[in-house]
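Here's a quick briefing on a single chain, going from the overall layout to the sheet, the cores and the aromatic rings. Have a look at the structure first.

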Amino acid sequence: AIVAIAEIFALGCQSTENPEANRTTANAVDRLQGLVIIFLRSRGAVKDEVSLRKGFETLDDDVKQRLHLKSVDELFVSPRDQQPFIINYQAKPGTPGMSSDIFACEAEGKEGQRLAAFTSLDVREATEEELKSLPPR
């Protein structure tokens, strides 16, 4: 089942008006998806950045290639706002299609919208109510 997770790099509906913005958003989605895949593969054992980085090393090479990273450090930064992602190490593993915790999200996002990776494998713009559920930084 986890191997199938690697196939889920959904880019969503994209406008053709601004291809560079679309690419940047797609890269942000991919990075968030990569972070949550690492979390779920560990069965929730990722408790800090060190263990998340170690989890990155366990990803298949094809998954790493899809992330288009020059270094593992880029995995932790949103290309949309150039800020480190907020990581919720208290998140609980979720079930696809069910309500779940936010594992990672953008600090500022773009135009007031912040992308978030949920432990159900969903990556989408988070609502203000969902963002309130994050523990204080």
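The chain has five helices and four strands, where helices (H or I, at least four residues) and strands (E, at least two) are DSSP runs numbered from the N terminus. Keep in mind that this is a predicted model: local features need pLDDT of at least 70, side-chain atom pairs count only at pLDDT 80 or more, and totals for chains, interfaces and linings use all residues. Residues are numbered from 1 along each chain as its sequence is written, and side-chain values use heavy atoms, with hydrogens and water left out.

**Overall layout**
- Reading from the N terminus, the elements go α-α-α-α-β-β-β-β-α.
- Of the 137 residues in the chain, 44% are buried (under 20% relative accessible area; exposed is over 50% and partly exposed in between, with a 1.4 Å probe and protein chains only).
- Among contacts (heavy atoms within 4.5 Å) with a separation of 6 or more, 53% join residues 24 or more positions apart.

**The sheet and the helix across it**
- The four strands make an open sheet in the order 1-2-3-4, with antiparallel pairing; two strands pair if DSSP finds at least two bridges between them.
- Strand 1 (86-87) and strand 4 (123-125) are the edges, each pairing on one side only.
- Strand 3 (residues 115-118) and strand 4 share three bridges in the antiparallel sense, and L115 sits opposite E125 in strand 4.
- Helix 2 (residues 19-41) lies across strand 1, strand 2 (102-105), strand 3 and strand 4, at about 25 degrees to strand 3 (axes are lines fitted to C-alpha atoms, for helices over the stretch in contact; angles run from 0 to 180 degrees between N-to-C directions).

**Nonpolar cores**
- A nonpolar core is a set of buried Ala, Val, Leu, Ile, Met, Phe, Trp, Tyr and Cys residues joined through side-chain atoms within 4.5 Å.
- The largest one has 27 residues, and L35, L52, L75 and F103 have the most contacts inside it.
- Helix 2, helix 3 (49-57), strand 2 and strand 3 each give two or more residues to this core, with helix 2 giving the most, at nine.
- Apart from it lies another core of nine residues, including I86 and I102.

**Aromatic rings**
- Rings of Phe, Tyr and Trp (its six-membered ring) pair if their centres lie within 6.5 Å; planes under 30 degrees apart count as stacked, over 60 as edge-to-face and the rest as tilted.
- F39 and F103 are stacked, 4.4 Å centre to centre with 25 degrees between the planes.
- F39 lies in helix 2 and F103 in strand 2, so this pair ties together parts 64 residues apart in sequence.
- Y89 and F103 are edge-to-face, at 6.3 Å and 90 degrees.
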